[in-house]
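These notebook entries record what I looked up in the structure shown below. I turned to charge pairs and then to the ligand site.

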Amino acid sequence: MGDNRTPVTVIGLGDMGAALAGAFLAAGRRVTVWNRTAAKADGLVAAGAVRARSVAEAVAASPLVVVCLLDYGVLADVLGPVGGALGGRTVVNLTNGTPEQARKAAVWADEHGIGYLDGGIMAVPPAIGTPGAFVLYSGPREVFDERREELAVLGRPEYAGAEPGAAALQDLALLTGMYGMLAGVVEALALVRSAGFGPVGFATEKLVPWLGAMAAAVPHYAEQIESGDYAHGVVSNLGMQAVGLDNIFQAYEDQGISAELLAPLRALVRRRVAEGHGAEDFPGVTELLGGPVPAR
Ligand code: FVH
């Protein structure tokens with residue numbers, strides 16, 4: 001179990017890295033920070049953090065090194081030269097990237113004797129350390145268990161698995177859900193705005209409750225995707241939804257708005273219906289997306 005007073009180093013003080021360092025400081029940790037643009041450390045130093053003059057100095061200061069940079073290219077540039085000095089320490093990399101990038105980083109860490117966790121932060125910077133925040137981690141279970149308590153100050157730690165790319169994959173899947181929702185949100189608000197309804201009132205009073213209600217159907221959809229059976233418990237058949245989507249596109253055209261964010265979805269729905277699945281449920285479109293499917 002990690003001692004919650006052990007020092008921690010945070011490398012990368014963008015919006016997110018600064019929030020992470022702030023959460024460790026608020027938890028009473030000795031925090032050493034480094035950022036390419038040194039001025040971004042000023043507020044944290046004023047709050048009690050120690051400014052490292054180099055990455056090597058930052059790494060040497062703590063057994064736990066948390067890294068949050070723009071991407072894995074920057075990560076390699078920053079940590080590459082100090083691989084040797086990181087041996088025997090734990091690196092928790094919270095930089096967003098792909099599962100393959102995470103796997104390559106884990107191999108590099110292994111070659112240098114570094115305890116490595118790859119993470120995905122499921123929160124925006126102001127939410128770090130609040131009850132709604134959670135962070136996905138993948139890598140050796142014993143490294144996660146050792147650091148779990150220390151990392152909990154950032155947000156609820158969720159272990160995604162030993163496979164190094166697991167957290168990145170789940171992170172990107174969650175972001176995909178978010179971007180799908182945001183695509184619908186901006187299309188919907190463009191439509192109501194075009195008709196003179198205030199987007200703010202519409203969003204608060206109608207769109208947010210509606211999306212919440214629809215989110216309740218997601219577990220049922222997930223069961224259908226897991227089983228491959230899209231014909232049971234259907235309350236909104238795909239043929240009907242294809243017609244509804246056509247109505248949506250016509251209304252957007254009438255208002256002079258592009259519905260382009262929804263166009264790929266309508267194309268998939270139409271294809272699925274044309275292939276004879278009109279009486280089934282919406283998640284059947286998953287079968288058109290390809291990719292490996294585990295034995296059912
Ligand atoms: N902010 C968010 O909402 C999301 C929430 C989920 C997780 N993401 C990921 O976190 C990583 C960092 O995101 P960020 O919000 O902190 O991003 P920025 O504020 O743009 O900070 C970028 C940091 O990377 C440093 N950096 C960029 N290029 C270089 C370089 N060539 N050499 C060294 N450091 C570099 C940058 O330094 P500086 O520009 O201040 O000198 C910042 O420290 C990211 O993976 C998100 O996807 C955030």
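**Salt bridges**

I searched the whole structure and found 13 salt bridges, a salt bridge being a side-chain nitrogen of Lys or Arg within 4 Å of a carboxyl oxygen of Asp or Glu. The model is predicted, with local features needing pLDDT of at least 70 and side-chain atom pairs counting only at pLDDT 80 or more, while totals for chains, interfaces and linings use all residues. Residues are numbered from 1 along each chain as its sequence is written, and side-chain values use heavy atoms, with hydrogens and water left out.

Glu150 and Arg147 are three residues apart in helix α7 (residues 141-151), so about one helical turn separates them. Helices here are DSSP runs (H or I, at least four residues), numbered from the N terminus.

**Ligand shell**

I counted 21 residues around the ligand, the closest being Asn35, Arg36, Thr37, Lys40 and Asn96; a residue is included if one of its heavy atoms lies within 4 Å. By class, I recorded eleven nonpolar, seven polar and three charged residues in this shell. Nonpolar covers Ala, Val, Leu, Ile, Met, Phe, Trp, Tyr, Cys and Pro, charged covers Asp, Glu, Lys and Arg, and the others, Gly among them, are polar.

**Backbone contacts and burial**

I looked up polar contacts (N or O atom pairs within 3.5 Å). A ligand oxygen lies 2.8 Å from a backbone N or O atom of Asn96, and for Met16 the corresponding distance is 2.9 Å. The protein buries 74% of the 900 Å² that the ligand exposes when taken alone, by the Shrake-Rupley method with a 1.4 Å probe.

**Contributing elements**

I found that α1 (15-26) and α4 (72-79) each give two or more residues to the shell. The largest share, three residues, comes from α1.

Note on methods:
A polar contact is a pair of N or O atoms within 3.5 Å; within protein, one must be able to donate a hydrogen and the other to accept it, and residues adjacent in sequence count only if both atoms are side-chain atoms.
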